[in-house]
Amino acid sequence: MAEKPKSVLLPVIAVAVFVGLGRMVLQKLKADRAARENRLAGPVDEKTRQWISDVVRTPRQ
């Protein structure tokens with residue numbers, strides 16, 4: 001009795017998905033590390049930007 005040939009497609013797709021996810025995680029870690037080293041903040045909304053501008057322009061007493 002001949003055995004049913006096993007499909008190779010599913011394992012190949014699984015490997016591609018895991019490699020893609022791993023790559024995304026590594027890119028995220030790399031970006032987080034670069035942002036931490038360069039002290040970059042995320043996007044700032046207009047209200048926060050205005051507050052920072054006012055604080056910087058106003059002299060301390």
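Trainee: How do you know that the span of helix H1, residues 9-38, agrees with its 30 residues?

Mentor: Keep in mind that this is a predicted model. At 1.5 Å a residue, H1 should span 44 Å, and its end C-alpha atoms are 43 Å apart, so the two values agree. The expected figure uses 1.5 Å times one less than the number of residues.

Trainee: How many helices and strands does the protein have?

Mentor: Two helices and zero strands. The radius of gyration is 25 Å, well over the 10 Å that the globule rule gives for 61 residues, so the protein is more spread out than a compact globule. Along the principal axes, the C-alpha atoms fill a box of roughly 95 × 25 × 10 Å.

Trainee: What share of the 61 residues is buried?

Mentor: Buried residues make up 0% of them. To count, a residue would need under 20% relative accessible area. The accessible surface comes to about 6,700 Å², and 64% of that belongs to carbon and sulfur atoms.

Trainee: Why is Ala14 called partly exposed?

Mentor: Ala14, which lies in helix H1, has 31% relative accessibility. Buried is under 20% and exposed is over 50%, with partly exposed in between, so Ala14 counts as partly exposed. As for distance, the C-alpha atoms of Ala14 and Arg39 are separated by 37 Å, with the two residues 25 apart along the chain.

Trainee: And what makes Asp45 partly exposed?

Mentor: Its value is 43% relative accessibility, so Asp45 counts as partly exposed. Asp45 sits in the loop between H1 and helix H2 (46-57).

Trainee: What makes the pairing of the Asp45 and Thr48 side chains a polar contact?

Mentor: The cut-off for the N or O atoms is within 3.5 Å, and the contact between these side chains is at 2.4 Å. Val17 is another story: its C-alpha atom and that of Asp45 are separated by 35 Å.

Trainee: How far apart are the mean positions of the positive and negative charges?

Mentor: For the 12 positive and 6 negative charges, they are 4 Å apart.

Key:
Residues are numbered from 1 along each chain as its sequence is written. This is a predicted model: local features need pLDDT of at least 70, side-chain atom pairs count only at pLDDT 80 or more; totals for chains, interfaces and linings use all residues. Side-chain values use heavy atoms; hydrogens and water are left out. Helices (H or I, at least four residues) and strands (E, at least two) are DSSP runs, numbered from the N terminus. The radius of gyration is taken over C-alpha atoms; the globule rule is 2.2 Å times the number of residues to the power 0.38. Buried means under 20% relative accessible area, exposed over 50%, partly exposed in between (1.4 Å probe, protein chains only). Accessible areas come from the Shrake-Rupley method with a 1.4 Å probe; for residues, only the protein chains shown count as cover. Lys and Arg count as positive and Asp and Glu as negative; His and the chain ends are not counted. The place of a charge is taken as NZ of Lys, CZ of Arg, CG of Asp or CD of Glu. A polar contact is a pair of N or O atoms within 3.5 Å; within protein, one must be able to donate a hydrogen and the other to accept it, and residues adjacent in sequence count only if both atoms are side-chain atoms.
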